Amino acid sequence: MYRILKKRELAENVDEFVVEASEIAKKAEPGQFVIVRISKKGERIPLTIAEKDCDAGTITLMVQRVGKTTFHLSCLEEGHVITDVVGPLGKPTHLEKWGHVVCIGGGLGLAPVHHIAQGVKDAENRITTIMGFRREDLVFWEEKMKLISDRLIVTTNDGSYGMKGLVTDALQELIDSGEEINMVITAGPVPMMKAVAELTKKYRIPTVASLNPVMVDGTGMCGACRVTVNGEVKFACVDGPEFDAHKVEFDELINRLNMFKTLEGEALKEFQKKHCGCGKE
Amino acid sequence: MGKKEIRKEKIPVPERSARERIKDFKEVKLGYTPELAIEEAKRCIQCPTAPCVEGCPVRVPIPQFIELIAEGKFVDAARKIKEENVLPSICGRVCPQEDQCEKVCVVGKLGQPVNIGALEAFAGDYEAKVGVEKPKKAESTGKKVAVIGSGPGGITCAADLAKLGHSVTIFEALHEPGGVLIYGIPEFRLPNEIVYGELDVLKELGVEVKLNYVIGKTKVLEELRNEFDAVFIASGAGLPYMLNIEGLNLNGVYAANEFLTRVNLMGAYRFPDYDTPVFTGKRVAVIGGGNTAMDVARTAKRLNGVEEVYIIYRRSEKEMPARVEEIHHAQEEGVVFQTLTNPVKFLGENGWLKGIECVRMELSEPDESGRRRPIPIEGSNFVIDIDAAVLAIGQGPNPIVMEGVDGLDIGKWGQIVVDSETCKTSLEGVFAGGDVIHGGSTVIQAMGDARKAAAAIHEYLFEN
């Protein structure tokens, strides 16, 4: 039984769920994800494990409302049960003692970045976290990230909170300050990860990106999550989801994320016809 | 007793017209009526050698069950089959009988063989309608067996072991049991209801099925070895082979596994009532000539908005590995066969598939497989305009279950190496069967392995 024990709205259209899943919690490592299905007619969607608690037997999932399933998920309350949760899937983050690691998360990318940063810290690294949002009211998990990070930089596009600009602006400043950076790990919107990769490539800073392609089974069976890395076709669900960001073809990933956009839009419209605009019944 | 005249042709199995059936996903074959089944059963001459039994990987007592049908004892016929095969309704539908039991049928020497497959399905379906007998179970042995995968191999092995009194737990990675029977084979060939019906045998036998459980991830093989007295791996061939040509990652290019999983398992043909979409556009090309290719082509033909479906295959129709019946059904349903044609590259526009460049092929000398090798005809390139392409060029064993496992012998194409008599792997107490040892094979092959493995596991449990 994958019962929702806690639920709260983190920001506009972003929900956090603490879900009972003891066997998954026991195994979950940084970088891994689960596949979730919320009804008998539901689709399977991948969600990163943002945090786990082995003692409580729970995992924490962060969900951005973008399509029918995520809007529907936001209708579920504490005590409700998620039909299916399977995992932990994907390869765990490769961790070692690098020295100074910069973890960069944009919006929902904070989910993987949080769990990964915990691992990076456990591997005895110094961590600078850069978290980027569009506006102040969209900022979340700042306290949590502060606990893990040696230094935390928050950016907003409009400057309503923290530093004005993009995560890459903050990263550029950090590089310009002359401070040594041994590794960059990033997750978030694909254009953001692409920009981070382009910047760090220039300075030859090793960079890993956690990718978020379309998936169905999540076990390497269907090939929906194909990405091109270093000219080779990889399945993000089993070969990743993390890859050398300097070798990922981000434009292809952006394009592939559009494959079902039109149909997904139709499904969401149908769903919202039956529910009010916010997705709540 | 005078010699009776044997009808040379099979009694045809009633089926829906192509025009009618491509409008939905309901089963194409309607199956024998009791009268037709009796008539067909009477074609069996009850020959004493019964080569058909030898031809069957699980040794179904074919003459005996057919005789029971001829006598109108349909339920007894089903129970006779179930002595050796717990899935008659499934096997009757999807076994390649023409290469097995029916291939060696003595009646087949005089004309067409007895329609063993259709009779098997008839008996299974009949019993399901009137009420399935609760399977008998031996007293509990206190031994525990883990089975990885709930496809035909896993079901069969679990049922055999449970009947022998062992406590069996099946671990299934997906959210539904059935494996390839559910995610792979389309409903118009094997309705999901039939699969769920026959899966009930597991419940009756007290087999626990743990869904959403990926061995290699949620638990690793080593843990199962510690918790159980023996393990049977039947995780199938869930690793699609991709065609390494330009444009593979354009939007609109699928592996057959993805396409079929979306439609069969996830119900994409009922989108948006079901949440999972499948994008096809108007023109779909399927690359390959096996049963999976036929399944994809016929599935595509039934989807909303699809106007034209092509099969692109590099050899001629004669070399196609698909069952003749499947090829025939696909052609009846209007699938266009582009044989002696090989894809060279996928052509795209703004990231979306628009066409496929192909080259004409000709056949030369036979290769290792005995089939004539196709070679490209230079300068014969041409383009077919399409919106979606589905690769059905085969699959290999999914490696996830073997990840991080020490001491398990793996073959050169990723298959688990086993002893062919016992299905024993190189790891003590671990057995494997089905597609994970053969690559892409058949439902009945998996079941044959599973029965062998079950017998070997039973023996092993008592030695230890």
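Guide: Begin with the elements: helices (H or I, at least four residues) and strands (E, at least two) are DSSP runs, numbered from the N terminus. In this predicted model, local features need pLDDT of at least 70 and side-chain atom pairs count only at pLDDT 80 or more, while totals for chains, interfaces and linings use all residues. Residues are numbered from 1 along each chain as its sequence is written, chains are lettered from A and ligands numbered from 1 in the order in which they are written, and side-chain values use heavy atoms, with hydrogens and water left out.

Visitor: Where is A:Asn182 found?

Guide: A:Asn182 sits in the loop between α5 (167–176) and β12 (183–187) of chain A.

Visitor: Is A:Asn182 exposed, or only partly exposed?

Guide: Buried means under 20% relative accessible area, exposed over 50%, and partly exposed in between (1.4 Å probe, protein chains only). A:Asn182 counts as partly exposed because its relative accessibility is 22%.

Visitor: Which residues does A:Asn182 touch?

Guide: Contact means heavy atoms within 4.5 Å. Not counting residues up to four places away in sequence, A:Asn182 touches A:Trp98, A:Gly99, A:His100, A:Ile205 and A:Pro206.

Visitor: What is a polar contact?

Guide: A polar contact is a pair of N or O atoms within 3.5 Å; within protein, one must be able to donate a hydrogen and the other to accept it, and residues adjacent in sequence count only if both atoms are side-chain atoms. The side chains of A:Asn182 and A:Glu180 are joined by one of 3.2 Å. A polar atom of the A:Asn182 side chain also lies 2.7 Å from the backbone nitrogen of A:His100.

Visitor: Is B:Arg16 buried or exposed?

Guide: B:Arg16, in the segment before α1 (18–21) of chain B, has a relative accessible area of 15% and is therefore buried. Its side chain makes a polar contact with the side chain of B:Asp24 (2.7 Å) and reaches the backbone oxygen of B:Glu27 at 3.4 Å.

Visitor: How many residues of chain B are in contact with chain A?

Guide: On the chain B side there are 44, in contact with 46 residues of chain A.

Visitor: How many salt bridges are there between chain B and chain A?

Guide: A salt bridge is a side-chain nitrogen of Lys or Arg within 4 Å of a carboxyl oxygen of Asp or Glu. Between chain B and chain A the count is 4. B:Lys219 and A:Glu23 meet in a salt bridge through their side chains (3.3 Å, N to O).
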